[in-house]
Amino acid sequence: MTTSRKIEPLPQDDDAIRKALKDAHLPSLLPALAQITGDLSLLRNDLMPDTALLTDPQGGLPPEKQTEAQELAFKTLAAWRDAGSVVADIPTHSEVRRMMDYLIGEHVSDEYLPLLLEELAFADIDARAPQWHKETINPGRSLRVVIIGAGMSGILAAHRLNQAGIPFTVIEKNEDVGGTWFENTYPGARVDSSNHAYSYSFAQKFDWPYHHSPQEVLLEYFRNCATDFGIRENILFNTEVLAATYDEARCIWKVSVRNANGREEKIEAEAIISAVGQLNRPKMPDIEGLSSFKGPSFHSAQWDHEIDFKGKAVGIIGTGSSASQFIPHLAEAAREVQIFQRTPNWYAPAPNYHERVADGFLWLLKHVPTYAQWYRFWLFWAISDGFLPMVEVDNSWKPGDAVTGKGNRQLRELLEASMRKQLATRPDLIEKALPDFPPASKRIVVDNGTWPNTLLKEHVHLITESIEQITPRGVRTEGNNEHPLDILVFGTGFQASKFLTPMKVTGINGVDMHEQWDGDARAYLGITMPNFPNFFFMYGPNTNIVVNGSIVYFSECEAQYILECLRFLLDSGTQAIDCRAEVHDAYNERIDAGNLKRAWGVSSVPSWYKSDSGRVAQNWPFTLLEYWQQTKQIDPDDYILT
Ligand code: NAP
């Protein structure tokens, strides 16, 4: 089972331990050792990571301290093994907090502690699992749920419903689970957060082969999860939801689907969970002559693996996260690469982006109990709420400024220095590739130097003149410049702000979901909206995070809240809950105000974070903690109860 964390006994061979320790992530190893031995004196002040250098692979420990920590770890592990490898009792909360304080170099506040304990999932305790079962609350009540989509969120929702004994059917348009990881098979596709963190808290896996695993590894993880959770037989594959209509008289959703045979069917359910993702409908650009190109052309999410790029002139429209991953691969094979860039990107340096997990590190994860959890905790914290000041908008900010405030200036200096250094030999490229807008105005692309190295290749051309037309032979840019091409690839992103497109969803009094949104999707907590009783979103409006946290964490919070809503229905005998308009509106006012204090909210550069009206429809502007607190339980007063 891929999601298991079976620990293997430490061998008698001391050299094997010493060898592995050379690859250890020491800041998270010492709390693990303190935990298994129960000896908190291992958390020595002089070996404490530096808070300011959390993202440094060794937390800023100087080399001599690293050697000392390795020696301490060796002696501790050898003695623990020789004494029978008995894991100490589960630590008390105050002991765990002491370990956390050590690891992050500051005192964990009372409010963060319960959240972090959940994330750590010690002793494989799945604290977010429903601690109740339909059979014991209301066995006679019909509560069927349709989940739309079997990607990361849909698998999670299905698992939670399964645990709670609530009958459910998952409708999946593809032939297998995985969502974005099933569809995006372009060369170079990989996760840009560390996958030790980008995975379910209750299904952690220590043997990831890479720090940022390629698409096929992520897909295998989600496939295995679906199998291990026992939800596969509830999934209707190759089946697409066309419409959903609420029958007020019966408090029932009627879901129209097109099944694998192409026939339309209706499925009834008391509740719907939409888990369709935000980045699942490819967006083709609105450029004149789009379909006139005579050579092969396709979108990155619909990669044509039959095409051989060897010796060909290839054009790419778009330079976002997807294009930045596949262009370096095309540049390996193609004779000529023309990159059409409309807006430059900021690139965040991630030296281990393509690195395999070192053998010794993997060995320690396998042999030292709790080490994997502490490493995940480290990653969780390192990319957590501490990043928010870097994207804050100061009161002095005005449109056109290159930074939004003090923290943002520091971020800019870091990213700019890195880009200038990597492109130092080509001032012309610096001119074209260095953004003049504040970092985090749009998605920061993760990179390990591959992108600038690609741009520096002689046969790669970065074209910044705007595109006038796509022609049968290539692309014409302003000034009547023709760029002849054999193949044209669109890395033009997704229809992110058009939530649930192209489904037709009809709620109370025949109101159409898209008409109610009027091009600007909103929801309460990103999960419910007025006039659509018992309809829940996962990864809905304003639940995307930009710099802090992993999207899996958000989905786990959403699943927790939705399950609480369903429990409320069972417990109270309420047929349906419908979000109160005033609660929804007040919430969204706060979200909008919050986003206007973030770089992505005030900047005018194009990004998939915004709807056509310019409102930020995707992003959550506050802390991870706040979302966790708000989604912990349902307040019935937020809803009209039927
Ligand atoms: P994207 O970030 O929306 O990038 C689309 C690109 O196409 C942009 O460079 C955009 O330019 C350009 N474009 C769109 N329409 C255009 C037009 N009419 N003319 C010229 N250029 C045009 O899409 P993406 O790269 O697919 O990434 C989307 C998101 O998916 C990412 O931000 C990330 O959250 C996720 N993703 C994650 C990973 C990962 O985890 N490894 C990998 C890929 C994607 P403008 O900037 O001017 O709009």
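This is a predicted model: local features need pLDDT of at least 70, side-chain atom pairs count only at pLDDT 80 or more; totals for chains, interfaces and linings use all residues.
Which hand does the crossing of α2 and α3 have, left or right? The crossing of these two helices is left-handed.

Two packed helices are described by the angle between their axes and the distance between the axes. For α2 (residues 26-37) and α3 (residues 63-82), the angle is about 25° and the axes are 11 Å apart. Angles under 35 degrees count as roughly parallel, so α2 is roughly parallel to α3. From α2, the contact takes L26, L29, L30, L33, I36 and T37. From α3, it takes Q66, A69, Q70, L72, A73, T76, L77 and W80. By class, this contact has ten nonpolar residues, four polar residues and no charged ones.

Helix α3 also packs against α1 (residues 14-21). Here the angle is about 145°, and the axes are 10 Å apart. The crossing of α1 and α3 is right-handed. On the α1 side, the residues are D14, I17, R18 and L21. They meet Q70, E71, A73, F74, L77 and R81 of α3. This contact divides into five nonpolar, one polar and four charged residues. Look at Q70, A73 and L77 of α3: these residues take part in the contact with α2, and they also take part in the contact with α1.

Now move along the chain to another helix pair. Helix α7 (residues 152-164) and helix α17 (residues 551-572) have axes that come within 10 Å. They cross at roughly 35°, and α7 passes α17 in a right-handed crossing. What does α7 bring to this contact? It brings M152, S153, L156, R160, L161 and A164. Facing them in α17 are I551, V552, S555, E556, A559, L563 and L566. The classes here are nine nonpolar, two polar and two charged.

Next comes the ligand. How many residues surround the ligand? There are 24, and the closest are R190, S322, T343, K442 and W608. W608 also places a polar side-chain atom 2.8 Å from an oxygen atom of the ligand. T319 uses its backbone instead: an N or O atom there lies 2.9 Å from a ligand oxygen atom. Q325 has a polar side-chain atom 3.0 Å from a nitrogen atom of the ligand.

Strand β14 (residues 467-470) holds Q469. Which side chain does the side chain of Q469 join in a polar contact of 2.5 Å? The partner is R476. Beyond its neighbours within four places in sequence, Q469 is in contact with I287, E288, G474, V475 and R476.

Two loops deserve a look at the backbone. Most residues other than glycine have a negative phi, and most peptide bonds are trans. The bond between T501 and P502 is cis, with omega about 0°. P502 sits in the loop between β17 (487-490) and β18 (504-506). The other case is L525. This residue has a positive phi of about 60°, although it is not a glycine. L525 lies in the loop between α16 (513-517) and β19 (535-537).

Note on methods
Residues are numbered from 1 along each chain as its sequence is written. Side-chain values use heavy atoms; hydrogens and water are left out. Axes are lines fitted to C-alpha atoms, for helices over the stretch in contact, and angles run from 0 to 180 degrees between N-to-C directions. Helices (H or I, at least four residues) and strands (E, at least two) are DSSP runs, numbered from the N terminus. Angles under 35 degrees count as roughly parallel, over 145 as roughly antiparallel, 65 to 115 as roughly perpendicular and the rest as oblique. A crossing is left-handed if the near helix is turned anticlockwise from the far one by less than a right angle, and right-handed if clockwise. Contact means heavy atoms within 4.5 Å. Ala, Val, Leu, Ile, Met, Phe, Trp, Tyr, Cys and Pro count as nonpolar, Asp, Glu, Lys and Arg as charged, and the others, Gly among them, as polar. A residue is near a molecule or strand if one of its heavy atoms lies within 4 Å of it. A polar contact is a pair of N or O atoms within 3.5 Å; within protein, one must be able to donate a hydrogen and the other to accept it, and residues adjacent in sequence count only if both atoms are side-chain atoms.
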